[in-house]
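Let's take a friendly look at how two chains meet, and then at a few elements inside one of them. Have the sequence and the 3D view open as you read.

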Amino acid sequence: MQEQEHVLSVKVANNNGVLQRVSGLFSRRCFNIKSLNAAETEMSNVSRLTIVVAGDLKVLTQIKNQLMKLYDVYEVRILEDAVTREHILIRAGKSAEDRHKIIEIANLYRAKPVDVGADSIMLELTGEPAKIDSFIDLLKPFGIIKMVRSGITALERD
Amino acid sequence: MLLSGSDIIVECLLEQGADTVFGYPGGAVLNVYDSLYKYSDKIRHIITSHEQGACHAADGFARATGKTGVVIATSGPGATNLTTGIATAYMDSIPLVAITGNVSCNLLGLDSFQEVDITGVTMPITKHNFIVKDVRDLADTLRSAFNIASSGRKGPVLVDIPKDVTAAKCEFPRRETCCLDVKNTYTGSDLLNNINNAVELIQSSERPYIYVGGGVISSNAEEELKTFAELCDAPVSCSLMGQGAYNQTDRRYIGMLGMHGTVKAVEALNSCDLLIGIGTRFSDRVIGEPSVFAKNAKIIHIDIDPAEFNKNVKTYIAVPGDVKGVLKYLCEKISQKKNAWTDELIAKDCGEPVQRGTNEFPVTPQAVIEKLDELTGGNAVISTEVGQNQMWAAQYYRFKNPRSFISSGGLGTMGFGLGAAIGAKIGCPDKTVVNIAGDGSFAMNLNELITASAHNIPIIEIVINNNVLGMVRQWQRLFYDKHFSQTTLDNRHIDYIKLGESFGIKTFVIEKNEDIEPVLKQALEISKSAPCMIEVRIDRDLNVLPMIPAGTPVENPITEIDLEA
């Protein structure tokens, strides 16, 4: 079976240490986290973790079953048909000339300039992870100075 | 009524039916111990020599009685001393509530004296844990702790309580004492398919083999198991944790399955066409090499924890649910089977190894444990340490009742047995309780002899003394070219009689076969009113056999080791 990436949406009690419980479970059971995003939901006492994991069906089932045993975990869903989005902040460019070219690429991707320096520019972009990947690839030749990706967030379609 | 946090703790313990607790006082739990003092006519507290011993005692109490064990320790080192005990309970799914004190809330996070983040430390070894920072949350948190510990797949829960919370007062409405009955219901409606498929498969199988784990004991399902085995007309094996779940004097019982299980169990495993695993997690110590485990059989796996399905072995049909409920359902659906294979297997002589003494050390653990079995009618509660002593106890005592074999199966904690025996005896004062130890494990936590003596807890401590760490030595002989690295304990020169007697514990020595019966009889007599100890001197090269090396296919177990080789 292939090591595929899967997106888990996990509802947890917004208690002290809940993130530690979840991440500790992943590390001690040798499950591999590709990305993890945690934030409050519409209910202030409930958080939603969006976790991207790699593994075959056996690993995925284990992850789900082991997570369900944590007292603070309310629900684990393996997302199949979902809107997935990621946000990136990225600063690139070494000269004013670069900056112009970068802005052209940004326009193609509808990325927004959020901070402009003498030689470089910081952009923000939200989109599907694949789009973010290709955006980064296009900026690489200009020299990426720093960047941060939010990790995937996702919600199931109706 | 307005009560302090520490009074609320004791009130909650009483509400949960916990009238016996184990522990060790200290700075952060001074308030709690003040309340225990006030309530001393209602709740019994046993102080041990070390928090680890207290935790093992609470664990042994839980294993022997089925109730939730309670242990109390102070902050910092008191709390960290519990961790081995908590991890032991966690690996074996034992219901335990550990209450630790901590520094006051305003000192948390400041590296204060005797401060440790025990909820952080114990996260991977508890079913759940809490820190209570507001006295108004205390009672409900403790109630949740008991509920979590004793429901579903059981396990330890830790509640960390800062000192100021134990001093703060709040309104406490007393509740009726609640008895948390095990809920033996099976309501897996969407899984009805699975269970009905299981019925069909069992009905059509010709060579069904039942393999039982500790889950049958925690679910109190021994009656249902007996009926089920009869209906299936199947041979039965227990895992180490399952010892006692099935009456081992019954004809269907063919011995333990696993690394040191019987040859017959291996034979059954490889020739069955259906393996029914009940309340077991298919530990690596049983399955060896997973890809060829039960290679000719389909596996039905019944367990309360769905995370165990397909974790270690591939399951053909998984039936999630409380074992008792599932077995009840199965018993109603299955019509009486008759399998020729079962009778053949039971009658077959598979050549189980027999222990032989030497000229210098004629006594064998087999002879001692079999005599103990005979003299106690198989009705004693036997705790063990870890290593050869543990395997010999499991192999040679014929357990008839659940909750009579108390051993650290999952974690393999040397030093577990003595504390556990103390807890078991306190939980079951009318039963004979014997801890079977090796000299290595004994030395780890022998301080708890003081507890047995001080509280006059009449257990029998049997130290099987071979002056080596026998199980490790056995592996060194087989796999490390007989490099007996750090496993020879000849320099210790312990005089067990003087040692025991310095604690006020009558001690005997067995060194000849003629000693076995009279010494055991005397010890059993003394143990009606006081603890005692027996040193059994054996040869250092007695091995635990049969043996299947770790991670190898479960076939052709080693039944003889050539000492000259």
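## The model and its interface

Please keep in mind that this is a predicted model. The size of an interface is often given as the accessible area lost when the parts come together. Between chain B and chain A, about 1200 Å² is buried, and carbon and sulfur atoms give 48% of this area. On the chain B side, Met123(B), His128(B) and Ala307(B) lose the most area to chain A, together accounting for 39% of what that side buries.

## Polar and charged links between the chains

One salt bridge is counted between chain B and chain A. Its partners are the side chains of Lys69(A) and Asp305(B), with 2.5 Å from N to O. Five residue pairs are in polar contact across the interface of chain B and chain A, both residues of each pair being at pLDDT 80 or more.

## Helix H16 of chain B

Now to the inside of chain B. Helix H16(B) covers residues 365-376, and its end C-alpha atoms are 16 Å apart. That agrees with expectation, because 12 residues at 1.5 Å a residue should span 16 Å. Its buried residues are Pro365(B), Gln366(B), Val368(B), Ile369(B), Lys371(B), Leu372(B), Asp373(B) and Thr376(B). They pack against several elements of chain B, including strand S14 (381-384), helix H17 (388-396) and helix H23 (513-526).

## Helix H23 of chain B

H23(B) has 14 residues, and from its first C-alpha to its last it reaches 21 Å, close to the 20 Å expected at 1.5 Å a residue. Asp515(B), Ile516(B), Val519(B), Leu520(B), Ala523(B) and Leu524(B) are its buried residues. The cover over these residues includes H16, S17, strand S18 (506-510) and S19 of chain B.

## Asp541(B), a buried aspartate

Following S19 of chain B is a segment that contains Asp541(B). Is Asp541(B) buried or exposed? Its relative accessible area is 19%, so Asp541(B) counts as buried, the cut-off being under 20%.

Which side chain makes a polar contact with that of Asp541(B)? The partner is the side chain of Arg477(B), at 2.6 Å. Leaving aside neighbours within four places in sequence, Asp541(B) is in contact with Arg473(B), Arg477(B) and Leu563(B).

Key: Residues are numbered from 1 along each chain as its sequence is written. Chains are lettered from A and ligands numbered from 1 in the order in which they are written. This is a predicted model: local features need pLDDT of at least 70, side-chain atom pairs count only at pLDDT 80 or more; totals for chains, interfaces and linings use all residues. Side-chain values use heavy atoms; hydrogens and water are left out. Buried area is the accessible area (1.4 Å probe) that two parts lose on being put together, summed over both. A salt bridge is a side-chain nitrogen of Lys or Arg within 4 Å of a carboxyl oxygen of Asp or Glu. A polar contact is a pair of N or O atoms within 3.5 Å; within protein, one must be able to donate a hydrogen and the other to accept it, and residues adjacent in sequence count only if both atoms are side-chain atoms. Helices (H or I, at least four residues) and strands (E, at least two) are DSSP runs, numbered from the N terminus. The expected span of a helix is 1.5 Å times one less than its number of residues. Buried means under 20% relative accessible area, exposed over 50%, partly exposed in between (1.4 Å probe, protein chains only). Contact means heavy atoms within 4.5 Å.
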